[in-house]
Amino acid sequence: MAVDLDALDGAETNWCAAGFEAQLGRRFSLGELQQHPQSVIGLWPDLTIGYLNPAWVLFAGANGPGPSPQIWMGRNYLDAIAPTARPFYRALIEQTPSPELSLHPRDFEYDCSSPDIFRRFVMHIYVLPAGGGWLIINSTRVETRYDALSPRVGLEHYLFDDEWIRQCAYCRRVKHAVFEDRWDWLTTPWPISGISITHGMCGVCAAYYSPRQGS
Ligand SMILES: [Zn+2]
């Protein structure tokens, strides 16, 4: 299913930086990416954004006046990511092997919820030829309105005295407010509206991704 360009209601759909179309064209068809139903982002070798497809613009517009292509074109992709998780995403992207070296799939599931909607996405990373950058496609794996879900079951166990929840920026586990060093995986998605969340790292992720940084 191709993206419904009519839904963009006349908005600008050509967000490809000068020179980046040639980079993309060495491996991909720009016309196909323009019609892709999922958000596609093209990155220059320094991780700045060189391309956003119409599905990205549609998704951004559906989530309020936050991200707009005017703001994000030419900005570093990592600016959209929590500071504690930036080293991980930089390595995830930059260390993706090109298909000439390895077909090892580089996909990664992550949370991208809004106050009303619980979402999980899968990020696929594709290397452009000759060090030309990357193409990232973000596909929806789960999308559910919170009001269709259970209320905040047991969330009180994770609210600290300051009314904040601590969540691991890598694996999304949340820190238990009573038992020290316990980080739980919550199987029930919980509404985030009205809740303050701060990001850190659980013990396992700190040891693995940032051994010198500690927890
Ligand atoms: Zn973790």
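Strand 2 and strand 3 form a hairpin with 5 residues between them. In its turn, L47 has a positive phi of about 75°. Helices (H or I, at least four residues) and strands (E, at least two) are DSSP runs, numbered from the N terminus. This is a predicted model: local features need pLDDT of at least 70, side-chain atom pairs count only at pLDDT 80 or more, and totals for chains, interfaces and linings use all residues. Residues are numbered from 1 along each chain as its sequence is written.

Now follow the pairing. Two strands pair if DSSP finds at least two bridges between them. Strand 2 pairs with strand 3 in the antiparallel sense over 3 bridges. Strand 2 (residues 39-43) also pairs with strand 6 (residues 134-145), again antiparallel, over 5 bridges. Look at L43. Its bridge partner in strand 3 is I49, and in strand 6 it is W134. V40 stands opposite I137 in strand 6.

These strands belong to an open sheet of 6 strands, with the order 1-3-2-6-5-4 and antiparallel pairing. Strand 1 (15-16) and strand 4 (107-111) are the edge strands, and each pairs on one side only.

Across the chain of 215 residues, 22% count as buried.

Next comes helix 3 (residues 54-62). It lies across strand 1, strand 2 and strand 3 (49-52), at about 115° to strand 2. Such angles run from 0 to 180 degrees between N-to-C directions, with axes fitted to C-alpha atoms, for helices over the stretch in contact. Two residues are in contact if their C-beta atoms, placed from the backbone, lie within 7 Å. In helix 3, P54, A55, W56 and V57 are buried.

Finally, the core. A nonpolar core is a set of buried Ala, Val, Leu, Ile, Met, Phe, Trp, Tyr and Cys residues joined through C-beta atoms within 7 Å. The largest has 24 residues; I41, L43, Y51, L52 and W134 have the most contacts inside it. Strand 6 gives the most to this core, with 4 residues.

Terms used. Buried ≥ 20, exposed ≤ 12 C-beta atoms within 10 Å, placed from the backbone.
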